[in-house]
Structures are given as structure tokens and as C-alpha cells.
Amino acid sequence: MAYTLMLKEIRQSRGINQKEMAERLCMPLSTYRTWEQGVSRISLETAYELAKLLDCTPNDLCGWYIDHPEDAPGAVGGRADPRRQAMVDAYDALTDDGKTLASETVASLARDPLRRADAAGGSAGPSPQEPAKELTA
């Protein structure tokens, strides 16, 4: 899975080219390019330095705001997916053994290619408005 930052978009909006960014960061241009291409990850400390240099926040670099869950990846229609929140709420109510079982179950479902979002055209099941269909053997 590619690691994507909003780094390129923010840099370009500031009128700075890649070479200038690398020079300001005292690093090789090739290293900087790997960040924009999503080849290399950056540390939190580096994200902070980039944010200061670009006059933005580290959250801006990520492309979403952790203090606004409705803007987070996976949010549906500007709101967090209610199915996800229902799962989190149910998980929080479980005992430690229940949490272990729930985690194992979800991991098993995620490994099933028929249930994965990437195999289902971007949807990992029925939409919140669509009732689940019963499976038959």
C-alpha cells in the first residue's frame, strides 16, 4: 500500500520546488523525492519540521485531521461510518478474552478476499442504509 502525504500539494501551493525543499532541509534531493512519491515514510519529528517549513500542521501533511473524526479516512459522506463506531462501542464493552476473540475474528474476515474492500470495489459490505443479506450454503 502506498504511503501518501499531502507534501507535494502543500509544497507546490507555497511555490517551492523539490530542489529548494531539499536544500532547506539540508538533505539530498533524492531522499526528499522518495517522501513525495510515497516510497519512504517520514518520522513524526520530520513531519513537524516539514510543517514548520511549509507553515502548516503535521495533520495537514497527512491529508486529514485527527481532531475531526468526520474528516478521517474511512468516513462516509462527511461522517464517520456508523458501522465502525458500533463495532468500537461493542468492542469497548467486552472482557479481555472477548476483545481477543473479536480481534481474531475481524482479522480473519479481513484476510478473506470476498470480504476485503479492495476486492469488493471499495465496499466491505452493505452500506449503512442497505440491510445485510443472509448468506445461504
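A polar contact, as the term is used in these legends, is a pair of N or O atoms within 3.5 Å, where within protein one atom must be able to donate a hydrogen and the other to accept it, and where residues adjacent in sequence count only if both atoms are side-chain atoms. The structure is a predicted model, in which local features need pLDDT of at least 70 and side-chain atom pairs count only at pLDDT 80 or more, while totals for chains, interfaces and linings use all residues. Residues are numbered from 1 along each chain as its sequence is written, and side-chain values use heavy atoms, with hydrogens and water left out.

**View 1. The overall fold is made of seven helices and zero strands.** Helices (H or I, at least four residues) and strands (E, at least two) are DSSP runs, numbered from the N terminus. Read from the N terminus on, the elements follow the order α-α-α-α-α-α-α. Of the 137 residues in the protein, 17% are buried, where buried means under 20% relative accessible area, exposed means over 50%, and partly exposed lies in between (1.4 Å probe, protein chains only). Among the contacts with a separation of 6 or more, 40% come from residues 24 or more positions apart, a contact being heavy atoms within 4.5 Å.

View 2. Helix H3 spans residues 29-36, and its buried residues are Tyr32, Thr34, Trp35 and Glu36. After H3 comes glycine 38, which has a positive phi, near 80°.

**View 3. Glutamate 36 of helix H3 joins its side chain to those of glutamine 18 and tyrosine 32.** With a relative accessibility of 15%, glutamate 36 counts as buried. The polar contact between the side chains of glutamate 36 and glutamine 18 is 2.7 Å, and the polar contact between the side chains of glutamate 36 and tyrosine 32 is 2.6 Å. When residues up to four places away in sequence are not counted, glutamate 36 touches Leu7, Lys8, Arg11 and Gln18.

**View 4. Helix H4 has its buried residues along one face.** These buried residues are Ala47, Leu50, Ala51 and Leu54. Seen down the axis of H4, they fall within an arc of 100°, so they line one face of the helix; the arc is that of the directions from the helix axis to the C-beta atoms.

View 5. Aspartate 55, which follows H4, belongs to the loop between H4 and H5.

**View 6. Helices H6 and H7 are roughly antiparallel to each other.** The axes of H6 (residues 82-92) and H7 (residues 96-111) come within 9 Å and cross at roughly 150°. Axes are lines fitted to C-alpha atoms, for helices over the stretch in contact, and angles run from 0 to 180 degrees between N-to-C directions; angles under 35 degrees count as roughly parallel, over 145 as roughly antiparallel, 65 to 115 as roughly perpendicular and the rest as oblique. From H6 the contact involves Met87, Tyr91 and Asp92, and from H7 it involves Lys99, Ala102, Ser103 and Val106. These residues divide into four nonpolar, one polar and two charged, where Ala, Val, Leu, Ile, Met, Phe, Trp, Tyr, Cys and Pro count as nonpolar, Asp, Glu, Lys and Arg as charged, and the others, Gly among them, as polar. Serine 103, in helix H7, counts as partly exposed at 39% relative accessibility. The C-alpha atoms of serine 103 and tyrosine 91 are separated by 8.8 Å, and the two residues are 12 residues apart along the chain.
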